[in-house]
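Subject: Structure handover

Hello,

Here is the structure we talked about, with notes on what turned up in it. Please keep it open while you read.

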Amino acid sequence: MELKLYDTYTRSIRTFEPINPPIEGCSATVGMYTCGPTVYDYAHIGNLRTYIFEDILRRVLSINGYEVKHVMNITDVGHLVSDADTGEDKMEKCARRTGKSAWELAEYYTQAFKNDLQLLNILEPVIWCKATDHIEDQIEVIKCIEEKGFTYRTSDGIYFDTSKLPDYGYLARLDVEGLQAGTRIDMGEKRHITDFALWKFSPPDQKRQMEWNSPWGIGFPGWHIECSAMSAKYLGRFFDIHCGGEDHIPIHHPNEIAQTEACYGTRLANFWMHGYFLQAGDEKMSKSAGHFLRLRDLIEKGYDPLAYRFFCFSALYRAKLTFSWEGMESSQKALDRLRLIVYELGDPGEVDEWYKNQFIEYVNDDLNIPRAIALTWEMIKSDLISSAKKATILYFDKVLGLRLNEWKPKEEIIPEEVQKLIELRQKARTEKRWNDADMLRNQISTLGYEIEDTPQGSRVKKKKE
RNA sequence: GGCGACGUGGCCAAGUGGGAAGGCAAGGGUCUGCAAAACCCUGAUCACGGGUUCAAAUCCCGUCGUCGCCUCCA
């Protein structure tokens, strides 16, 4: 079945074909590079939305029969606080603030990030690559760009001269002259507003925690070069899909493309895909503005990380999604219901072909997960036999990744005090002393437990605060 | 100021030329000693005003509104 994906580069939906045809007897391998985190702080749930989108993409590629070589970078150096290339390095700044070393911080936030991915059931990249582990590779690419004549030197670094690429910024359809006219940022010694640093020199008066020797002097690589260097190293000079957040469309990705075009003459990736922002109420979530929620915050409020994953399924990846606690509650409830239904379906039998094909059609239509979810509910309500429903939904879950097969109703540990009251109430009920029974139910409720009477007897569960 | 996106039932949102998905909430019902849970049922002239068309939520123009980018950001 055809897989259609939206490509930001051409601003159109295109049929996906892998660049490298399959070797006989094997599935085709698809190269996928996803811009990873800058590890100077925790990820917020808006960041995580993008990684969930990329995970869905990867899983959809898989069910289409592709082997996915998924690479994600960890940016642990060189990401400046300003695109004017005049600000500080985020890692160094954070290190100074906390009194820890930049290396320790990078390690700490990398682990925190990986932990979030795991909680969200996001498949681990096949290759993780850290910017600081690839300094030599980055220097090589900068040398190559320099040899081709695209660089110039200022007092604080080596810069990329974007005016030498006629189609610079094509990905974002940048109006370079318009930008130039409306200059709002400090140009420093840059020749053009869109020029960016490839290599920054360490400040002469200051010893940086992270710095390396290079043909141009002691310093550190610019933010964009790592992606060009590492993607070429692991996936080749032209690979299948490059992903990131929508915020990368105007700056980071055009710069990556510029570097790669200058050095290798390719536009880096065949498909450019971008996840759109999670809105926090009226505005977007932002680290710099200081208002953001972490996955941890959701967990502390009693939500399951996978309920957040499910929440992200309510909108297309290419549309903004508004976060609210009401929405979170809605997703948690829906997921709880789905889990119980799936659990009670019993053992899986045969996957239903019609629903399977319908599902693939929806997810292959530029990852229309909301529609796939709607189909899931329809399938659940259909008159298929239980074993077919179970097998079919477990097939869906290869893409949805909700761990539906692992879920079991929680065994409640009931305190003895509550257990006694339940027994008393049961006795009152058999003796039809309804007033006593209701009173006991109130007492149990005060202790934080809810009672559900079923034909098999009373079931108790802890109330959610 | 420049560029761009969006405006679908109470909330989150699919649908982009011909029957307005789905989830949550709400109301009604079945069940229950009463509840709860579960299940069933119910609802939208698609921001507004023009236009194109046999036919428009869907295309075109205008108005209003919201948001994003042009500072770092997923």
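Is tyrosine 343 buried, partly exposed or exposed? Tyrosine 343 is partly exposed, because its relative accessible area is 38%, and buried means under 20%, exposed over 50% and partly exposed in between (1.4 Å probe, protein chains only).

Some ground rules come before the rest. This is a predicted model, in which local features need pLDDT of at least 70 and side-chain atom pairs count only at pLDDT 80 or more, while totals for chains, interfaces and linings use all residues. Residues are numbered from 1 along each chain as its sequence is written, chains are lettered from A and ligands numbered from 1 in the order in which they are written, and side-chain values use heavy atoms, with hydrogens and water left out.

Aromatic rings

The whole structure holds 23 aromatic pairs. Rings of Phe, Tyr and Trp (its six-membered ring) pair if their centres lie within 6.5 Å; planes under 30 degrees apart count as stacked, over 60 as edge-to-face and the rest as tilted. Phenylalanine 16 and tyrosine 66 are an edge-to-face pair because their planes stand at 80°, with the ring centres 5.5 Å apart. The two residues are 50 apart and link distant parts of the chain: phenylalanine 16 is in the loop between β2 (12–15) and β3 (29–34), and tyrosine 66 is in the loop between α1 (45–63) and β4 (67–74). Helices (H or I, at least four residues) and strands (E, at least two) are DSSP runs, numbered from the N terminus. Both phenylalanine 16 and tyrosine 66 are buried.

Tyrosine 343 pairs edge-to-face with tryptophan 407, at 6.1 Å between centres and 85° between planes. Here too distant parts of the chain are linked, as tyrosine 343 is in helix α10 (residues 325–344) and tryptophan 407, 64 residues apart from it, is in the loop between α13 (386–400) and α14 (416–430). Tryptophan 407 is partly exposed, at a relative accessible area of 22%.

Ring pairs also join Tyr303, Tyr308, Phe311, Phe323 and Trp325 into a cluster.

Two charges sit over rings (NZ of Lys or CZ of Arg within 6 Å of the ring centre and within 35 degrees of the ring normal): lysine 100 over the face of tyrosine 108, at 5.3 Å from the ring centre, and arginine 294 over the face of tyrosine 42, at 3.6 Å.

Histidine 134 is in the loop between β5 (127–130) and α4. This histidine 134 is buried, with a relative accessible area of 5%. Leaving aside residues up to four places away in sequence, histidine 134 touches Cys129, Met230, Lys233 and Tyr234, where contact means heavy atoms within 4.5 Å.

How far apart are the end C-alpha atoms of α4? They are 18 Å apart, which agrees with the 18 Å that its 13 residues should span at 1.5 Å a residue; the expected span is 1.5 Å times one less than the number of residues. Among the buried residues of α4 are Ile135, Gln138 and Ile139, and their cover includes β6 (151–154) and α6 (225–235). Glutamate 147 also lies in α4 (residues 135–147), but counts as exposed at 67% relative accessibility. Just after α4, glycine 149 has a positive phi of about 85°.

Domains

Chain A is assigned domain 1 (4–275), domain 2 (280–400) and domain 3 (416–462); such bounds come from an automatic or database domain assignment. The centres of domain 1 and domain 3, taken over C-alpha atoms, are 60 Å apart.

Regards
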